[in-house]
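Morning, everyone. I'll walk you through one chain, from the whole fold down to single side chains.

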Amino acid sequence: MGPPVDHAAPLRGSCETTMTGSRTIAVIVVAAGRGERATVSGDPNPKQYRLLAGKPVLSRTIEAFLAREDIAWLVPVIHAEQLDRYAALGLADPRLLGPVTGGANRQASVLAGLTALGPKRPDLVLIQDAARPLVSAEVIGGVIEALRTSDAALPVVPVTDTIKRSADGHTVLATEDRHTLFAAQTPQGFRFPQILSAHLRAGRMPREFTDDAAIAEWAGLTVALTPGSTRNIKITHPEDFARAERLVGGEKTMETRVGTGFDVHPFEAGSSVWLGGLEIAHSAKLKGHSDADVALHALTDAIYGALGEGDIGKHFPPSDPQWKGAASSIFLAHAVGLVAGRQGRIVNLDLTIVCEAPRIGPHVEAMKAVIGGICGISSRRIAIKATTSEQLGFTGRGEGIVAMASASIELPRED
């Protein structure tokens with residue numbers, strides 16, 4: 001076959017045309033990882049349970065398969081510590097089997113799912129990463145169709161970058177022929193008895209396989225390439241959520257909004273201040289109902305302003321005792337969630353902190369990392385500056401700290 005490409009029209013094997021006859025199809029959704037690389041400060045949820053355009057990632061992935069009438073069973077494989085999070089999804093479908101606890105790595109987790117499906121004895125099984133919530137009916141259907149004539153099927157997209165090979169990570173050894181290279185996606189499809197047998201044998205090997213197609217190749221099975229999609233992205237890092245949000249939102253016309261924030265807090269007796277999500281040693285602390293992080297407060301209000309959503313006091317009133325001593329990262333994460341809920345993205349943040357002390361410069365990079373994690377953006381999109389008021393006014397007298405911020409965001413255009 002030629003190099004797989006995206007198709008706007010349904011492929012043969014899509015849910016509209018695929019009739020599997022007597023073949024029963026089961027699905028394993030692998031969601032047993034901790035999702036730590038995509039977690040952000042202020043949001044305790046692993047990536048598979050974070051909201052993507054208002055719906056948890058894992059829910060989107062599972063529903064993409066349950067939307068098909070040719071799926072007989074679906075078993076989710078989850079982390080032992082995430083049973084409550086899974087239950088909170090509230091998924092209900094007679095084809096949805098109870099969750100299975102995953103293993104120490106992806107390979108072991110898939111084997112746990114295959115073992116759980118053993119009593120059902122399906123003819124075919126599709127193995128899907130939970131972190132690919134935008135998988136389409138066309139991609140799924142193409143895999144199922146290929147299993148009519150092949151032992152296994154793997155959706156791929158052609159590699160478009162020039163690929164270099166290096167033995168030491170410092171010098172180029174060779175340039176690969178990219179026309180023979182493809183990036184693997186999921187779902188990967190197999191005839192159930194064959195992949196179960198291959199997994200059982202692979203589990204006794206000292207090596208660890210990175211995907212199920214690799215196990216099939218090792219076992220001598222024929223793996224067919226089917227068309228993947230550039231939309232079928234895998235969410236790995238915080239910034240992947242912004243891209244996924246844009247894809248879910250479609251090709252809507254976007255407009256740029258700008259908001260500003262200003263906050264001030266006085267000092268009181270203490271030994272440290274919270275600034276930009278960091279606790280910094282100081283001869284006093286900032287006075288406030290929450291942790292009084294004046295920097296995060298200004299940023300939060302700037303995002304609220306760009307959204308036209310008021311200020312922190314509207315969403316987290318100081319009269320509410322539940323916010324007494326609360327981490328200001330909660331407020332910023334809430335503002336970020338409102339941007340995502342409206343299918344928008346944060347473009348950049350600009351923050352100025354005015355104080356005589358403590359010194360801000362040594363902490364700027366760490367602050368940017370924390371703020372970028374909360375907002376799901378690169379620290380390169382964040383500017384933090386520090387200045388003094390030349391010993392003028394209350395900041396010059398060392399009585400408190402001022403922070404000013406601006407935020408630019410993109411939102412779908414509203415009439």
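Of the 415 residues in this chain, 49% count as buried. Buried means under 20% relative accessible area, exposed means over 50%, and partly exposed is in between, with a 1.4 Å probe and protein chains only. Two notes on method. This is a predicted model, so local features need pLDDT of at least 70 and side-chain atom pairs count only at pLDDT 80 or more, while totals for chains, interfaces and linings use all residues. Residues are numbered from 1 along each chain as its sequence is written, and side-chain values use heavy atoms, with hydrogens and water left out.

Now the overall picture. The chain has twelve helices and 19 strands. Helices (H or I, at least four residues) and strands (E, at least two) are DSSP runs, numbered from the N terminus. Along the principal axes, the C-alpha atoms fill a box of roughly 80 × 55 × 50 Å. Take contacts between residues at least 6 apart in sequence: 73% of them join residues at least 24 apart. Contact here means heavy atoms within 4.5 Å. The chain exposes about 19,300 Å², and carbon and sulfur atoms supply 52% of that. Areas come from the Shrake-Rupley method with a 1.4 Å probe; for residues, only the protein chains shown count as cover.

Next, helix α11, residues 364-375. Its twelve residues should span 16 Å at 1.5 Å a residue, and its end C-alpha atoms are 16 Å apart, which agrees. The expected span is 1.5 Å times one less than the number of residues. Which residues of α11 are buried? They are Val364, Met367, Lys368, Ile371, Gly372, Gly373, Ile374 and Cys375. An α-helix has 3.6 residues a turn, so residues three or four places apart point the same way. The buried residues of α11 pack against several elements, including α8 (294-307), α10 (329-341) and β17 (345-354). After α11 comes Gly376, with a positive phi near 70 degrees.

On to charges. How many salt bridges does a search of the whole structure find? It finds 16. A salt bridge is a side-chain nitrogen of Lys or Arg within 4 Å of a carboxyl oxygen of Asp or Glu. Lys55 and Glu63 form one, at 2.9 Å, N to O. Lys55 is partly exposed at 30% relative accessibility, and Glu63 is partly exposed at 32%. Arg95 and Asp93 form another, at 3.0 Å. There, Arg95 is buried at 19%, whereas Asp93 is partly exposed at 23%. Arg106, Asp129 and Asp212 are linked in a network of salt bridges.

Two polar contacts next. A polar contact is a pair of N or O atoms within 3.5 Å; within protein, one must be able to donate a hydrogen and the other to accept it, and residues adjacent in sequence count only if both atoms are side-chain atoms. Asp70 sits in the loop between α1 (57-66) and β4 (73-78). Asp70 is buried, at 15% relative accessibility. Its side chain joins that of Arg68 in a polar contact of 2.8 Å. Lys164 lies in strand β8, residues 164-165. The side chain of Lys164 makes a polar contact with the side chain of Thr175, at 2.8 Å.

Last stop, the surface around Phe394. Phe394 belongs to helix α12, residues 393-396, and is partly exposed at 32%. Phe262, Val264, Phe394 and Met404 make a nonpolar surface patch of about 340 Å². Patches are made of residues with over 30% relative accessible area and no salt bridge: like charges are joined within 9 Å, nonpolar side chains (Val, Leu, Ile, Met, Phe, Trp, Tyr) within 5 Å.
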